[in-house]
Amino acid sequence: MLLGARKISIHWCPRRPNLSLSHTPSTKLNSHISASLHSLCQVEELDDFLPWLERKASTKISSVLSIGKSAYGRSLFASKTIRAGDCILKVPFNALAPDNLNPELKALLSDDVGDVAKLAIVVLLEQKMGHDSEWAPYISRLPRPEEMHNTIFWSEGELEMIRQSSVYQETINQRSQIQQEFLAIRTALKNFPETFESITYEDFMHAYALVTSRAWGSTKGYSLIPFADFLNHDGTSESIVLSDEDKLFSEVLADRNYTPGEQVRCYLIGMTFSPV
């Protein structure tokens with residue numbers, strides 16, 4: 001499909017439904033609700049994050065959104081009145097992707113290792129580097145396991161409380177998938193002991209969960225786009241993200257009107273414009 005001199009292809013966000021919030025035992029759910037009410041309108045200082053992103057991309061970040069916290073963790077909120085169709089966020093297409101992997105390590109990975117696992121390894125490496133990582137201002141803002149409200153991090157006792165729920169089996173299946181991926185990459189990681197020697201299955205599970213809940217997908221695979229990935233999933237939203245690979249930026253268009261302080265969420269993650 002052509003639009004002027006540009007080709008349009010669909011992009012999507014593979015964020016999976018939260019496995020805990022809608023199926024949680026009442027006591028745990030109540031604690032989540034209390035926490036969300038307490039922090040719903042907490043807006044973070046952007047301190048070094050946006051300046052870092054602007055320096056990295058050598059361009060100005062355009063946004064009418066503020067970073068804050070909600071029941072879903074780090075989120076984006078309207079900082080002023082937004083109308084349907086408005087461009088609410090424009091960020092450089094500066095992404096973490098499987099291509100960031102060390103070529104030597106990538107060559108050692110079997111064909112059974114998917115893009116999600118490869119991107120999880122990239123996240124692990126950046127986490128391991130700490131402040132020395134060029135992505136540190138972004139990596140440091142990714143949620144910790146206890147902030148993700150995902151049932152794969154629950155204890156056996158907590159999971160037992162939802163054994164009769166479909167979420168229980170979904171959780172077991174997801175854990176099994178992550179374990180298989182970890183076993184598939186472990187041999188390759190052993191060839192780089194100075195980098196990955198202390199990496200555990202729990203570390204990989206956290207990184208894997210970050211990717212499956214935050215990464216953007218396209219025909220080229222998955223990637224993590226700083227700032228844009230702070231948008232939370234909403235199955236009823238029709239917000240659109242436009243990524244111009246020629247000019248290397250992504251835009252988010254509002255699906256409806258938003259009032260100041262209201263959380264902005266999205267579902268369909270948009271279209272990519274690239275030269276024909």
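Which charged end sits over the ring of Trp-135? That would be Lys-56, 4.3 Å from the ring's centre; a charge counts as over a ring if NZ of Lys or CZ of Arg is within 6 Å of the centre and within 35 degrees of the ring normal.

A quick word on the model: it is predicted, so local features need pLDDT of at least 70, side-chain atom pairs count only at pLDDT 80 or more, and totals for chains, interfaces and linings use all residues. Residues are numbered from 1 along each chain as its sequence is written, and side-chain values use heavy atoms, leaving out hydrogens and water.

Trp-135 also belongs to an aromatic cluster with Phe-49, Trp-52, Tyr-138, Phe-227 and Phe-230. The whole structure has 9 aromatic pairs (Phe, Tyr or Trp rings, the six-membered one for Trp, with centres within 6.5 Å; planes under 30 degrees apart are stacked, over 60 edge-to-face, the rest tilted). Phe-49 and Trp-52 are tilted, because their centres are 5.8 Å apart and their planes at 40°. Both are buried (under 20% relative accessible area, 1.4 Å probe, protein chains only).

Now for confidence (pLDDT, the predictor's score for each residue from 0 to 100). The chain's mean is 75, and 70% of its residues reach 70 or more.

| Stretch | pLDDT | Contacts beyond four places in sequence |
|---|---|---|
| residues 1-18 | under 50 | 63 contacts |
| residues 268-276 | under 50 | 48 contacts |

Notes
Buried < 20%, exposed > 50% of the residue type's maximum accessible area, 1.4 Å probe, protein only. Contact = heavy atoms within 4.5 Å.
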